[in-house]
Amino acid sequence: MVPSGYKRLDKLPLTPNGKVNRRSLPKIEPTAEPAEAAAPRTATALEQRIAALVAQVGQVHPGVEEDLTLCGFSSLSLVKLTALLLDEFGCRLNAAQLMQGCSILTLENAVTDSLLAARRAPASEATAPAPDAAVPLTAAQKGVLFACGKNPDAVLYNIPAKITLPAAADLARLTAALGQALAAHPALSFRLVRQGGETMQRPGAAIVPEVLTLSEQEAAQAALTFVRPFRLAPEPQAEPLCRIRLVRTESALYLYFDAHHLVFDGLSFDLFLRDVFAAYSGASLTPENGLAAQAARGPQDAEAHAAYYRALLADF
């Protein structure tokens, strides 16, 4: 707020108690005509939808021109927001660039530009990439990778777990069950690659669990070094984003698991563990649809999306 006038005083008038005597302060005449209040502005339908996503992530209701980073949005909040914008509008926005400052209005402009660019792009026949082809990182993955780049030696984005099994557990069956579960979830074998100047991901060689036979004391010492930073450099230095170790001792069989948040989360572990024990019990697993197949949209999907965005942008 800008004051309409001001006056310089040599000193403030005080009461006998030493407080400011407000009644003795001189009156100030406005030095300029007050600006006319801006007419109320009705948010567009697109702004309202973006504002709903902003409120969902940040639990705040800022004005359309307020900087979200000044309203409590962190880098992780913006990563979540870009993921929601991708799901809602199909627009891939860069969370790292948004950290430089963004508002509902600038997000509306970015979404509109992206949709209009997609509308102007010539239609092309989409074909599914090969199973081992490199596919782009999602908006959420790009945000996680950006955050990891700030502190590459941290394990903040590791998702480790330790499962203690009875000593009578069948090591060979468990190893085979892990192999089946890993094959059913191919994203766990993904590695980062550089292609066309962009960091991408593609399936690598099958992950082979490390198998050790140790004493209880040795197992305890080995556990201390199991969780360590993942090497996120692209190939040829890249490593799988998941590692598994099986340790047999005289009293138990330990399963150590660690995956990077680029390909895994807490909910995923429950699903993965269920598949491991289902395979251990003799059940067959159904592989999930590969990320490469999901990344390619067929012609029918493209036409349905185009019709949706034509209707959305009919007023532009």
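## Ser77 and its helix

Ser77 sits in helix α2, which spans residues 75-89. Helices here are DSSP runs of H or I with at least four residues, strands are E runs of at least two, and both are numbered from the N terminus. This is a predicted model, in which local features need pLDDT of at least 70 and side-chain atom pairs count only at pLDDT 80 or more, while totals for chains, interfaces and linings use all residues. Residues are numbered from 1 along each chain as its sequence is written, and side-chain values use heavy atoms, with hydrogens and water left out.

Is Ser77 buried or exposed? Its relative accessibility is 15%, so Ser77 counts as buried. Buried means under 20% relative accessible area, exposed means over 50%, and partly exposed lies in between, using a 1.4 Å probe and protein chains only. Leaving out residues up to four places away in sequence, Ser77 touches Val57 and Gly72. Contact means heavy atoms within 4.5 Å.

## The protein overall

The protein contains ten helices and seven strands. It has 316 residues, and 33% of them count as buried. Take the contacts between residues at least 6 apart in sequence: 70% of these join residues at least 24 apart.

## α2 against α5

Helix α5 covers residues 139-150. It packs with α2 at an angle of about 165°, and the two axes are 8 Å apart. Axes are lines fitted to C-alpha atoms, for helices over the stretch in contact, and angles run from 0 to 180 degrees between N-to-C directions. The pair is therefore roughly antiparallel.

The α2 and α5 crossing is right-handed. A crossing is right-handed if the near helix is turned clockwise from the far one by less than a right angle, and left-handed if anticlockwise. On the α2 side, Val79, Thr82, Ala83 and Leu86 make the contact; on the α5 side, Ala139, Ala140, Gly143 and Val144 do. By class, that is six nonpolar, two polar and no charged residues. Nonpolar covers Ala, Val, Leu, Ile, Met, Phe, Trp, Tyr, Cys and Pro; charged covers Asp, Glu, Lys and Arg; the others, Gly among them, are polar.

## Gln59 and the α1 side

Gln59 lies in the loop between α1 (45-58) and α2. At 63% relative accessibility, Gln59 counts as exposed. Its phi is near 55°, a positive value in a residue other than glycine. Most residues other than glycine have a negative phi.

α1 also packs with α4, at an angle of about 115° and with axes 10 Å apart. Their crossing is right-handed. Leu46, Glu47, Ile50, Ala51 and Val54 of α1 meet Ile104, Leu105, Leu107, Glu108, Val111 and Thr112 of α4. This contact has eight nonpolar, one polar and two charged residues.

Asn109 lies in α4, residues 104-120. Its relative accessibility is 40%, so Asn109 counts as partly exposed. Asn109 and Glu47 are 62 residues apart along the chain, and their C-alpha atoms are separated by 9.6 Å.

Helix α6 (residues 171-184) packs with helix α8 (residues 266-280) at about 130°, with axes 8 Å apart. That angle makes α6 oblique to α8. The crossing is right-handed. Which residues of α6 meet α8? They are Arg173, Leu174, Ala177, Leu178, Gln180, Ala181 and Leu182, and their partners in α8 are Phe272, Asp275, Val276, Ala279 and Tyr280. The classes are nine nonpolar, one polar and two charged residues.

His185 lies in the loop between α6 and β3 (190-195). At 11% relative accessibility, His185 counts as buried. Not counting residues up to four places away in sequence, His185 touches Leu271, Phe272, Asp275 and Glu288.

## His260 in β7

His260 lies in strand β7, residues 252-260. Its relative accessibility is 3%, so His260 counts as buried. Beyond its neighbours within four places in sequence, His260 contacts Val144, Cys148, Tyr157, Phe230, Leu232 and Leu241.

Methods
Parallel < 35°, antiparallel > 145°, perpendicular 65-115°, else oblique.
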